[in-house]
Amino acid sequence: MPKRMLHRLPVEAYTELDWFEREQEAIFSRTWSYAGFAEDVSEPGAYVSLRAGLNEIFVVMGRDRRLRAFHNICRHRGTRLLRAVGNAQKAITCPYHDWTYDLEGHLVSVPAEQREFGEVDKSCLGLKPASVDLWRGMLFVHPSPDAGSIMEWFGEIEPHLGPHDVDELVEYPDGRASYEIKANWKIVVENYIDVYHLAHLHSGTLAMYDHARAEYGFVGPHYAFWEPLSADYAADIERNAPMPLILPPGQLGAWVPMLFPGIGLAESETSWSTYTITPLAPDLTRVENRTRVKNASDWAFGRQAWRSAGFWKGAITAKYDAGEDGDPLTSGDFTAEDVLACERQQQALRSPYFEVGPASRGEGPVLEHQEVVLRYLEGRT
Ligand code: FES
Ligand SMILES: [Fe+2]
């Protein structure tokens, strides 16, 4: 029986564990992973930990205030050392047998060393280094200690990103979210870069941008996207912006790139957000959002919300007027609309009757992303 395809990839690429595992190895273990904002690790001992494909990695600031990344694996029997985010103070101690490392990764103490081991050559049992770098206010890690500079990876796409001065912006705590989508990570990426759906699925929720004038395309493995404001939103932007503007009036619009693999940004005239995608299983993906906004007073935010209220009252509508309670299509929330579309598409892939139709011009990026995935899996990078 011929393989059923979803454009360039077989349907199995979205449903089967062996594809998932190959991607973890060939894509997520061999590229830079987003690890958080620079300010998450801003004092000696502070750390963040994350999964990067097959690897567990943490970033810690040393006593010399340098950032270092290590594999989160005890050199004794491999127990994971640190969880989530925190401050290790002066040392990192493994919970299993209390081997202790300093913040620079050296093994400094082995309990009952003489009695249990005679002697341990601690100098060859330091934590295994990984790479860490900072780019546009974000921390990135790479499992290899020889990954080189982050600019080799993102340099080409950088001119296609927004002109935002990310370091000048501050985190907006209410913009932080973490949720799971019951779909393969590529479905989530494809939805993000599908230009065709913007005017349809989001007909009521993203009408403040002019999708017909969007400019987009791939730069190496990364996707760039920009679109201007809609005419009526732009006409009185000083009043209509829901929050204080973060770009000069001559440079407005939305830059919404998807950096490979699965690192989305949404850079607009009023906010700058990350949308990071972590594959959890063939049909399950975690998305984490964080948002930065202008460093302005509550008063300035309140005033702008009040000024713009009249515009937004009519500007955002649900896709459908009536439906069951909790229906994402009557929510007026574009994220809920996207989650619904991803999950409904994933469900269809199991059906023996699933067959993909033609791809539109605006879905060109979907096909190109599939080509990038194939290139990585086949080692053509
Ligand atoms: S595994 Fe870490 S101290 Fe034994
Ligand atoms: Fe969408």
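P261 sits in the loop between β18 (258-259) and β19 (263-267), where helices (H or I, at least four residues) and strands (E, at least two) are DSSP runs numbered from the N terminus. The peptide bond that joins F260 and P261 is cis, with omega at about -10°. The model is a predicted one, in which local features need pLDDT of at least 70, side-chain atom pairs count only at pLDDT 80 or more, and totals for chains, interfaces and linings use all residues. Residues are numbered from 1 along each chain as its sequence is written, while chains are lettered from A and ligands numbered from 1 in the order in which they are written.

Two further backbone features deserve a look. Most residues other than glycine have a negative phi, and most peptide bonds are trans. H7, although not a glycine, has a positive phi of about 65°. This residue H7 lies in the loop between β1 (5-6) and β2 (9-10). A112 is likewise not a glycine and has a positive phi, here of about 50°; A112 belongs to the loop between β10 (107-109) and α2 (113-117). To describe their surroundings, a residue is called buried if 20 or more other C-beta atoms lie within 10 Å of its own, exposed if 12 or fewer, and partly exposed in between, with C-beta atoms placed from the backbone. H7 has 15 other C-beta atoms within 10 Å, so H7 is partly exposed. A112 counts as exposed because it has 9 C-beta neighbours inside 10 Å.

Along the principal axes, the C-alpha atoms fill a box of roughly 75 × 65 × 40 Å. Of the 381 residues, 36% count as buried. Two residues are taken to be in contact if their C-beta atoms, placed from the backbone, lie within 7 Å. Among contacts between residues at least 6 apart in sequence, 61% join residues at least 24 apart.

The domain assignment divides the chain into domain 1 (33-146) and domain 2 (159-377), with bounds that come from an automatic or database domain assignment. Their C-alpha centres lie 34 Å apart. Five residues from domain 1 and eight residues from domain 2 take part in the contact. The side of domain 1 that touches domain 2 has two nonpolar, one polar and two charged residues; Ala, Val, Leu, Ile, Met, Phe, Trp, Tyr, Cys and Pro count here as nonpolar, Asp, Glu, Lys and Arg as charged, and the others, Gly among them, as polar.

A nonpolar core is a set of buried Ala, Val, Leu, Ile, Met, Phe, Trp, Tyr and Cys residues joined through C-beta atoms within 7 Å. The largest such core holds 72 residues, of which A35, V59, V141 and V188 touch the most other members. Helix α4 (residues 185-193) gives the most to this core, with six residues. Both domain 1 (33-146) and domain 2 (159-377) supply at least three residues each to this core.

A35 is placed in strand β3 (residues 33-37) and counts as buried, because it has 26 C-beta neighbours inside 10 Å. Leaving aside neighbours within four places in sequence, A35 is in contact with V48, L50, V59, L139, F140 and V141. With the same exclusion, the contacts of V59 are A35, V41, Y47, V48, L67, A69, V132, L139 and V141.

Strand β5 (residues 55-61) has six of its seven residues buried, so it is largely enclosed by the rest of the structure. Strands pair if DSSP finds at least two bridges between them. Strand β4 (residues 46-52) pairs with β5 in the antiparallel sense over six bridges, and V48 stands opposite V59 in β5. In the hairpin of β4 and β5, two residues lie between the strands, and G53 takes a positive phi near 65°. β5 also pairs with strand β6 (residues 67-71), in the antiparallel sense over five bridges. In this pairing M61 stands opposite L67 in β6. The hairpin of β5 and β6 has five residues between the strands, and R65 in the turn has a positive phi of about 65°.
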